[in-house]
Amino acid sequence: MLKSEQYSIPYPFMLFDSLDEGVYIVDTAWRYIYVNNKAAEIQGKPREELLGKNIWELYPEAVETVSYAQAHRAVEQNTPVSYEVYYPLLETWFECRCYPIAEGLIILLQDISERKRQEEALRQIQARARRLIDANIIGVVISDMDHIFEANDAFLEIVGYTREDLAARRINWIAMTPPELLPLDMNAIQELKEHGTFTPFEKAYYRKDGSLVPILIGGAVLEKDPLQWVCFILDISEQKKLEQALRESEERMRIALKGSAIIVYQQDRDLRYTWIYNPLPGYTVEDIVGKTDADLIQAEEAAHLIAIKRRVLETGQNHQEVIKATGITGMRYFDLSIEPLRDGNGEVIGVTGTSMDVTERIELEHRKDNFISMASHELRTPITVLKGFTQLLTKQFEQQGMHEAVSMLKKMESQSNKLVSLIDELLDASKIQAGRLDFEEEPVDLDTLVHETVEMLQESNPTHVLHVNGATHKVIQGDKERLGQVLTNLITNAVKYSPQANSVDITLSTSKKAALISVRDYGIGIAKAHQKHIFDRFYRVHDPSTKTFKGLGMGLYIACDIVKRHGGDITVQSALGKGSTFTISLPLEKEEPF
Ligand code: ADP
């Protein structure tokens, strides 16, 4: 009973129990004589266990700490002390205040962990902000309603002011801002007042030298009263220059394409238009973007176009072709050039292309073809009549023994024959063009055909010996006359283009699936660049070495078409100055009829 009475809490002390601060009173021998609730809680021991005990005996480990030194200083110098201390066991920061009294010492312990945490967080933020400011990657300023009074080097660099200008408060952001842009700043300040930050926006400052610098600015409130804020400023001159360059280049392209009837576009992997310049006549950009060709042009034409583009997507190879497209303004011809579109990793992500409207050119070509076709028809009849009368006259003059006249008539006939074969070539070429070259199918003994043709040509080409080697022993289904025409063309070309040589070799052979006929000459040869064109209509090699050779550039075009119609192929191997070998390959089993 005595004990509890001795340590019963006097009434005024009971007030301490309501405090959120630990309160201890120790006597001059460092024994607890009072411990409030909070203090017992901090210590993690019931009050009874503490009262009467000597602090330093209870916590010998504390003897070495700041608490021991400070508590003794307070007592010895009879002065209040205050210090911050970390209790590792409790993982808590305390602010400790000691007040000496006659009976000993009052010790107050306040948990300041939260404050410490906030201080640490603030310190870290400040350190980071300082690093950002010092890194000078971005301009940072602190300003009030009219002046910038703190700025990092990056900002000074952007605007061309010096530290002295800053110190002398000569950096006035309102004066630096073009008047027409000030409303943007006023909006930002309004936003700043309402929300504490403002949405970054683009504006410009006048530099000290009077030039304008475009910037991006964002910021947040520092002080509310008087209002001060921190701003982050990025020089966007480079970006603006790039944007300008891009705009100019697009503008140049626009001007260049204006009225040129060239459509430029991009499509994604689903072949939907993502971008188009100079859309098809009758359509706007909006009509086309997001659509596919199937939505825009006639179904069959669209299917063909989509197939071409799919091939470009799959192979990554570009493609060029003249196509027909019937849109809302009718049928037009386009010269297409389609390229794969790749991303940064080289993956094909779509196609990009140009389509040039070549309707006028194609229509002109059609008119020209019609004219050639009509003209050659018209020429064919009188020339045949002329030939007939020449032959009649030849016979009559022969009977009358008029040899001179006969020889002249023979020359006339030979020239008429040349004219007939020229006209026939013209007729054939225009028939091919119109898809109307007729074929008559029959079994053709290839070896016989080659021997007969060579025999006939040998007579009219005495300058060269025509050698035939090998045999195919094959009979194929085909048009004998047309195949003879192909051979005639290749052999006469071989003779024509080898004026310095005296032989042409014709070789017959077979491969697994085809009969092969090759015609080799020892003439002028064909340069690589021309080789892929010589089968085109009207194509002739124009250089000094071929100047003297006459022709219309139709023979190989017709030959190639005839062989293709037989399901075969015709190829050339040649080296300039060394001669050429043309090889016809004809399939032994034809897959499709003519
Ligand atoms: P052409 O009537 O001009 O001979 P072709 O269509 O038969 O027309 O031939 C096209 C072109 O190919 C010729 O103009 C010529 O330049 C070239 N060529 C054809 N055959 C040969 C060959 N055997 N040697 C060299 N060049 C040839």
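**View 1. Cys-231 and its contacts in the predicted model.** Leaving aside neighbours within four places in sequence, Cys-231 is in contact with Gly-139, Val-140, Val-141, Phe-198, Ile-217, Gly-218 and Gly-219. This view, like those that follow, comes from a predicted model. Cys-231 is found in strand S10. The residue is buried, because its relative accessible area is 3%, and under 20% counts as buried. Cys-231 is 295 residues from Ile-526 in sequence. In space, the C-alpha atoms of Cys-231 and Ile-526 are 73 Å apart.

**View 2. The open sheet that holds strand S10.** Five strands make up this open sheet, in the order S7-S6-S10-S9-S8. Their pairing is antiparallel. Strand S7 (148-151) and strand S8 (197-206) are the edge strands, and each pairs on one side only. On average, neighbouring strands of this sheet are turned by 30° against each other, direction ignored.

View 3. Strand S9 covers residues 212-223, and strand S10 covers residues 228-235. The two pair in the antiparallel sense over 8 bridges. Leu-216 stands opposite Leu-234 in S10. Helix H11 (residues 182-195) lies across S8, S9 and S10. Helix H11 runs at about 155° to S8. Helix H12 (residues 237-257) also packs on the sheet, where it touches S8, S9 and S10. The direction of H12 makes about 135° with that of S9.

View 4. Val-519 stands opposite Phe-582 in S22.

**View 5. Helices H18 and H19 in contact.** H18 and H19 pack at an angle of about 50°. Their axes are 10 Å apart. The two helices are therefore oblique to each other. H18 passes H19 in a right-handed crossing. From H18, the contact is made by Leu-449, Val-450, Glu-452, Thr-453, Val-454 and Leu-457. From H19, Lys-480, Leu-483, Gly-484, Leu-487, Thr-488, Ile-491 and Thr-492 take part.

**View 6. The largest nonpolar core.** In soluble globular proteins, nonpolar side chains tend to be buried together. The largest nonpolar core here has 42 residues. Leu-466, Ile-506, Ile-517, Ile-534, Phe-535, Phe-582 and Ile-584 touch the most other members. Several elements each supply at least two residues of this core, among them helix H17 (403-433), helix H18 (446-460), helix H19 (480-496) and helix H21 (555-565). A second, separate core has 26 residues, including Leu-156, Leu-166, Ile-171 and Ala-188.

**View 7. Ile-534 and its contacts.** Ile-534 is one of the residues that touch the most other members of the largest nonpolar core. Residues up to four places away in sequence are not counted here. Ile-534 then touches Ile-526, Tyr-539, Val-541, Leu-556, Val-572 and Phe-582.

Notes:
Residues numbered from 1 in each chain as written. Predicted model: local features only at pLDDT ≥ 70, side-chain atom pairs only at ≥ 80, totals over all residues. Heavy atoms only, no water. Core = buried A, V, L, I, M, F, W, Y, C linked by side-chain atoms within 4.5 Å. Buried < 20%, exposed > 50% of the residue type's maximum accessible area, 1.4 Å probe, protein only. Helix = DSSP H or I, 4+ residues; strand = E, 2+ residues; numbered from the N terminus. Contact = heavy atoms within 4.5 Å. Pairing = 2+ DSSP bridges. Axes fitted to C-alpha atoms, helices over the stretch in contact; angles between N-to-C directions. Parallel < 35°, antiparallel > 145°, perpendicular 65-115°, else oblique. Left-handed = near helix turned anticlockwise from the far one by under 90°.
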